[in-house]
There are 2 protein chains.
Amino acid sequence: MIVVMPISGRQFLLLPALAGLLWAQPAAPPAPIVSPEVHADKRVTFRLRAPNAKEVFVNRAGSPKLAMQRDEAGVWSVTTDPLPPDIYGYSFNVDGVSAMDPLNSVLTPNLLNPSNMVHVPSATPLAWELTSAPRGAIHRHFYHSGIVGDDRDFYVYTPAGYDPTAKTTYPVLYLLHGFSDDASGWTAVGKAHVILDNLIAQGKAKPMLVVMTLGYGAPEIVSRAGVGAFRDPSLVKRNYDRYRDALFNEVIPAVEKSYRAKPDRESRAIAGLSMGGAESLYVGLNAIDRFAWVGSFSAGGASSDYAATYPKLDAKVNEQLRLLWIACGTEDRLIESNRKFIEYLKTKDVRHTAVETPGAHTWLVWRRNLAELTPLLFRPKGS
Amino acid sequence: MIVVMPISGRQFLLLPALAGLLWAQPAAPPAPIVSPEVHADKRVTFRLRAPNAKEVFVNRAGSPKLAMQRDEAGVWSVTTDPLPPDIYGYSFNVDGVSAMDPLNSVLTPNLLNPSNMVHVPSATPLAWELTSAPRGAIHRHFYHSGIVGDDRDFYVYTPAGYDPTAKTTYPVLYLLHGFSDDASGWTAVGKAHVILDNLIAQGKAKPMLVVMTLGYGAPEIVSRAGVGAFRDPSLVKRNYDRYRDALFNEVIPAVEKSYRAKPDRESRAIAGLSMGGAESLYVGLNAIDRFAWVGSFSAGGASSDYAATYPKLDAKVNEQLRLLWIACGTEDRLIESNRKFIEYLKTKDVRHTAVETPGAHTWLVWRRNLAELTPLLFRPKGS
């Protein structure tokens, strides 16, 4: 069918065939529904049409699941209490099967469990919310890793005003994602670029580059076995060691060749979340000749034999290590192992900052951690 | 529960709490299934666990839907015939509701219908498959558009060897996505960066920059109304005019300031798919002082009052327009309107290249179109 409408004296040929684009929609769609719907009072309504389902609920990262109720049209829905402004991860569970929200185009990339996000905006912008701050850019680089043996990518954030032809040079934060994330996680979900834009514009953080790598030295660790893969000790060791080797021999040289990066240890930081927190500690604390600033957020997956894992870690590092910053969510089951590591650092007289952040093992905690850590980095000695 | 295992003489604290990451998985998962599974003979098996569903099928972009069969464990599956090597888009439909494949982390971003992709690899690499060609990079820029009134982004591909501090300058292809895509579409789905990497390495295309904008001058056109939004003529006009104004006044100046871009009309091309094809024709053919190369792939959404839409389009443009390249899929319902425009060009003695590509209104056609068009661009006169 071709629809021709008179438009200000002209004939417009209107687009029957463009509907071919919308192949995922049934020919005669039922009444449209919206999901998620963020209300003015900060409650959120989730909806899913699933006429034959027996049980549907909303899985929320770090929060109890929410049972949804079915209406006579087969639409399941649930409305939360008012939520503190933030960016929340969620997915649906339909009769025991995880499902993304088909009405929400805001996706959370993940190699095992892609999901969705919903943003409850704040009247006073949170550090990861857009403001009028000048915007930096995100650069995605591709290369073949001879060390890992795959084709992979890394992302580089450059702050507003970065000019590759100017003389200004920048310190670099190497920022690592967690298990099952990919290299896009810290921007797509963690909003690292927005956090840095805001903190730099406010004068709270120094202008810096942020390099976000793919955190797998052994990509086969990301399998349907989930964290069960961590039961294979040779796989775990290969994952961490090859990650370090690729970082040192492939990523850092590429960054320092292509970007106006300061190439000294006082200008390099390494930090990461969960598996990436364990990697940051393992890589960073064994290479204080390369990194003066080390951070971990909700670290998990590291050895608890600290003396063997960090053989050179004692009070002598205090002269060189400008910051060792260890954070974990108070509701995170990993907090006990993080506290245990803090106790070990105390016995070794290693200077450190221990942070406990309200929250669970989720990006709500890690965005806060990044916003807290980055203002501390790259300060001159004595400041 | 804490699992401690002896590992080469050390104790590893293994990760009970990391399981918190996998909140979308039920506590006692059923037997794992794989989807999609690409067989050696190039058949593809899709699987979805949906124990209470009554009818499940696979929606494939541009191909007939495939009914899935349920097994006694509640797993639905279907296996295709052997498929020609390519990257295919698909989603599931469960009891009339679109669903993404929860086992496939390869996502097709889309503002209305996010879906998944499956790659059937070719023994001889297709232009959009990874090879050992040197890799370019993708740069994502963010800005507030005063013209459109939103915060938006654009992407810039730079070829391998691009050096912002060197003297070499590059021509620029402005490459536009279709209705319901976002600015990431041409890389995430269209593999424009891979296509250019391969063609440049083979000497088939000239090294060039590719700028991929957000193609909405009126973002509200992307609504649940789908292509129905194109029935509002003032909305359609605002969408195209503001897109052009943002391109001319915001994007092109930013690109030519930040990149080593040749700033002359012989070094600027504009091309796009579907709605972006209509925009490329509308913007490009009314601004041959800015663009010497214009292309459209499966253009849709343009006016059929050609004289009013392109008032200056006649044989005189042949002196300036180096290429007018108009492609459409043979199975695309838009092919008739594209043929009609070709006939109009003939009546006006406007030199052009008409291409009919086997296929429907899908990325399979558009990747081919980009791989065919880019070798033709930016050739010296007389070559």
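The legends below describe close-up views of a predicted model. In this predicted model, local features need pLDDT of at least 70 and side-chain atom pairs count only at pLDDT 80 or more, while totals for chains, interfaces and linings use all residues. Residues are numbered from 1 along each chain as its sequence is written, and chains are lettered from A and ligands numbered from 1 in the order in which they are written.

**View 1. The two domains of chain A.** Chain A is divided into domain 1 (30–120) and domain 2 (137–376), with bounds that come from an automatic or database domain assignment. The centres of the two domains, taken over C-alpha atoms, are separated by 31 Å. In chain A, 10 residues of domain 1 are in contact with 15 residues of domain 2 (contact: C-beta atoms, placed from the backbone, within 7 Å). The side of domain 1 that touches domain 2 has four nonpolar, five polar and one charged residues. Here Ala, Val, Leu, Ile, Met, Phe, Trp, Tyr, Cys and Pro count as nonpolar, Asp, Glu, Lys and Arg as charged, and the others, Gly among them, as polar.

**View 2. Helices α2 and α7 of chain B.** The axes of α2 (residues 192–201) and α7 (residues 363–373) of chain B come within 10 Å and cross at roughly 35°. Axes are lines fitted to C-alpha atoms over the stretch in contact, and angles run from 0 to 180 degrees between N-to-C directions. Helices are DSSP runs (H or I, at least four residues), as are strands (E, at least two), numbered from the N terminus. At the crossing, B:Ala192, B:Ile195 and B:Leu199 of α2 meet B:Arg367, B:Leu370 and B:Ala371 of α7. These residues divide into five nonpolar, no polar and one charged.

View 3. Among the buried residues are B:Trp363, B:Trp366 and B:Asn369. Their cover includes α2, β9 (86–94) and β17 (268–273) of chain B.

**View 4. An open sheet in chain B.** Four strands lie in the order β3-β4-β8-β7, with antiparallel pairing (strands pair if DSSP finds at least two bridges between them). β3 (37–38) and β7 (69–70) of chain B stand at the edges, each with a single partner strand, so one side of each is left without a neighbour in the sheet. β4 (residues 44–49) and β8 (residues 75–79) of chain B pair over five bridges, and B:Leu48 stands opposite B:Trp76.

Notes:
Two residues are in contact if their C-beta atoms, placed from the backbone, lie within 7 Å. A residue is buried if 20 or more other C-beta atoms lie within 10 Å of its own, exposed if 12 or fewer, and partly exposed in between; C-beta atoms are placed from the backbone.
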